[in-house]
Structure formats: structure tokens, C-alpha cells
Amino acid sequence: MNEYKGIFEIEILGKKRGFKFGMGAFAHACRLDGCSIGEIASRIIGGDLQSQLILIYTASVQYARLQKEIEPTQEQVNDWIDHVGIDQFGSAMVSAFRTSPNAEAPKEEVKETQGQS
């Protein structure tokens, strides 16, 4: 299992491609799409193809940055989507957020502190 939440990896055209669906990808997508996070979420859920393509692209950029790889262009990512199909990426986004890599993380004990008199 990957140590980061929101990671989706798939082999496309003989090479492993990765996507990091998280707040960084959404922030980058909002900047490119010129809208708020609520608006882009509504657009994606509503089936807006441009917003879906932008989010998948920004997720690929976030993955590349996390892994210190060369960032793909939007045209490259669009070609990957053409090869695999956008439905597979929709399923990937859902499953990437469904699992938590730190589900059993230890909980810190909270200590009460006395206020100053």
C-alpha cells in the first residue's frame, strides 16, 4: 500500500503512470479552471469533461512532484485518458479516497493544561 492517501497508479502504454488526487490537485485544478473548489466539484459530478480532464491532469502533476519525476503535459495526460478511458479514472478517484493509508495511526494523548492566574 502507498503511504500517501489519494494515490492511483496504472500502467498506460507500457509505463506506470501515477496520479495524486488530493487538495493540491484540487487547488491547481481550481486555478486552471478559474473556479472555486465547490464549483469544480459540482462540474465534475455533473459530468463536465473539461473539469474532469483538468483534475486528472493536475493529479498527474501532483504525483510527479511528489515522486520528483518530470511533470507530464496536459496533452500527454489527455492521450493517456484516450488510451485507457475516462471512466476508469472516475473509478480511480473514488477508490483513491476510499482507503486511508494511516487507518491505524496511533492517537496522541491530549493533556489538560491549567490557565495562567
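Predicted model: local features only at pLDDT ≥ 70, side-chain atom pairs only at ≥ 80, totals over all residues.

Reader: How many helices and strands does the protein chain have, and which pattern do they follow along the sequence?

Author: The protein chain has five helices and two strands. Along the sequence, their pattern is β-β-α-α-α-α-α.

Reader: What share of the residues in the protein chain is buried?

Author: Of the 117 residues, 36% are buried. The accessible surface amounts to about 8000 Å², and carbon and sulfur atoms contribute 48% of that area.

Reader: At what angle do the axes of helix α1 and helix α2 cross?

Author: The axes of α1 (residues 23-33) and α2 (residues 37-45) cross at roughly 90 degrees and come within 9 Å. An angle of 65 to 115 degrees counts as roughly perpendicular, so α1 is roughly perpendicular to α2. On the α1 side, the contact involves Met-23, Phe-26, Ala-29, Cys-30 and Asp-33, while α2 contributes Ile-37, Ile-40, Arg-43 and Ile-44. By class, seven of these residues are nonpolar, none is polar and two are charged.

Reader: Why are Cys-30 and Cys-35 not counted as a disulfide?

Author: A disulfide is a covalent bond between the sulfur atoms of two cysteines. The rule applied here requires the sulfur atoms to lie within 2.5 Å. The sulfur of Cys-35 is the nearest cysteine sulfur to that of Cys-30, at 4.9 Å, so Cys-30 is in no disulfide. The count for the model is zero disulfides.

Reader: Are Cys-30 and Cys-35 buried or exposed?

Author: Cys-30 is buried, at 11% relative accessibility. Cys-35 is also buried, with a relative accessible area of 12%.

Notes. Residues numbered from 1 in each chain as written. Heavy atoms only, no water. Helix = DSSP H or I, 4+ residues; strand = E, 2+ residues; numbered from the N terminus. Buried < 20%, exposed > 50% of the residue type's maximum accessible area, 1.4 Å probe, protein only. Areas by Shrake-Rupley, 256 points an atom, 1.4 Å probe, with all protein chains shown as cover. Axes fitted to C-alpha atoms, helices over the stretch in contact; angles between N-to-C directions. Parallel < 35°, antiparallel > 145°, perpendicular 65-115°, else oblique. Contact = heavy atoms within 4.5 Å. Nonpolar A, V, L, I, M, F, W, Y, C, P; charged D, E, K, R; others polar.
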